Amino acid sequence: MTFVLQETLRLKKRYGQHVIVSPGVIKAIVKHANVREGETIVEIGPGTGNLTVELLNTPLKKLHLIELDEEMIQTLKKRIADERVEFHHADATKFDFCKLGDSVKLLGNLPYNVASLIIENTVFHKECIPFALYMIQKEVAERLIKGGSWLSIFLRTFYSIEYIMSVPARFFKPPPKVQSSLIKLTRDEKAKVEGLKNYKAFLVKLYSMKRKAIKSKISQDLLKKAGINPMARVEELSLEKILFLYECL
């Protein structure tokens, strides 16, 4: 499978569009998606449809395509004629994935400029998303896995993260200035957290001014109860300690 962009179709920098043009990478994504018969799949940012075409060779029941670029949608409609496909002209950073079903798999070559927002929105819809497979900037993938940010903790509270593979820039058109990585998210809730918006706000505050000692953000009585050194920095706290603090608060 190969695909060359039409000369009349301009990729738009404001959307962060980098189309995967490597058949091997596309087949690897579909392989790791492990699409089973009857599943509902959501592809974020299908672009010119290279991955879409390969997904339609699987036994999926329904394929929802979420694309912000109206011109891309019109191009896709000319290329793809399959009754299993439904197009959504929508912003994946705000989209309500759960309206598509109570168990959907998400896949996507995420635009670098909004990848973190899409991952955040994935967590907010975790009840209906047991699995996601995302192509993102390699540096972002490494930070999510290693921790050190509120988003990493937010994500790892509800999902396990597996680093699948690195993807060089030459496999995209136009080639990005950074390397990409494919990561797999599998729902694995470490705790029953009530109020996701409040939990996010707690984490954002906790990870603000990371160089300051934790005592500047949390009362020392609570830190003593949790067995946390008041002079510790937030990066030193385990996920379990952070969850304990949130439950106490």
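Which strands does helix α3 (residues 70–79) lie across? I looked, and α3 lies across β3 and β4, running at about 165° to β4. I took contact as heavy atoms within 4.5 Å. Axes are lines fitted to C-alpha atoms, for helices over the stretch in contact, and angles run from 0 to 180 degrees between N-to-C directions. Helices (H or I, at least four residues) and strands (E, at least two) are DSSP runs, numbered from the N terminus.

Ground rules next. This is a predicted model, with residues numbered from 1 along each chain as its sequence is written. Local features need pLDDT of at least 70, side-chain atom pairs count only at pLDDT 80 or more, totals for chains, interfaces and linings use all residues, and side-chain values use heavy atoms, with hydrogens and water left out.

**Sheet.** I traced seven strands in an open sheet, in the order β4-β3-β2-β5-β6-β9-β7, with mixed pairing. Two strands pair if DSSP finds at least two bridges between them. The edges are β4 (85–89) and β7 (159–167), each pairing on one side only. From one strand to the next the twist averages 20°. I then checked β2 (residues 40–44) against β3 (residues 62–67): they pair in the parallel sense over five bridges. Ile44 has Ile66 in β3 as its bridge partner.

**Helix on the sheet.** I also followed α4 (residues 115–124). Helix α4 lies across β2, β5, β6 and β7, and runs at about 165° to β6.

**Helix pair.** I turned to α7 (residues 196–206) and α9 (residues 239–248). Their axes come within 11 Å and cross at roughly 115°. The crossing is right-handed, that is, the near helix is turned clockwise from the far one by less than a right angle. From α7, Asn198, Tyr199, Phe202, Leu203 and Leu206 meet Leu239, Ile242, Leu243, Leu245 and Tyr246 of α9. I sorted these contact residues into nine nonpolar, one polar and no charged. Ala, Val, Leu, Ile, Met, Phe, Trp, Tyr, Cys and Pro count as nonpolar, Asp, Glu, Lys and Arg as charged, and the others, Gly among them, as polar.

β5 (104–109) and β6 (131–137) each give two or more residues, and β5 gives the most, three.
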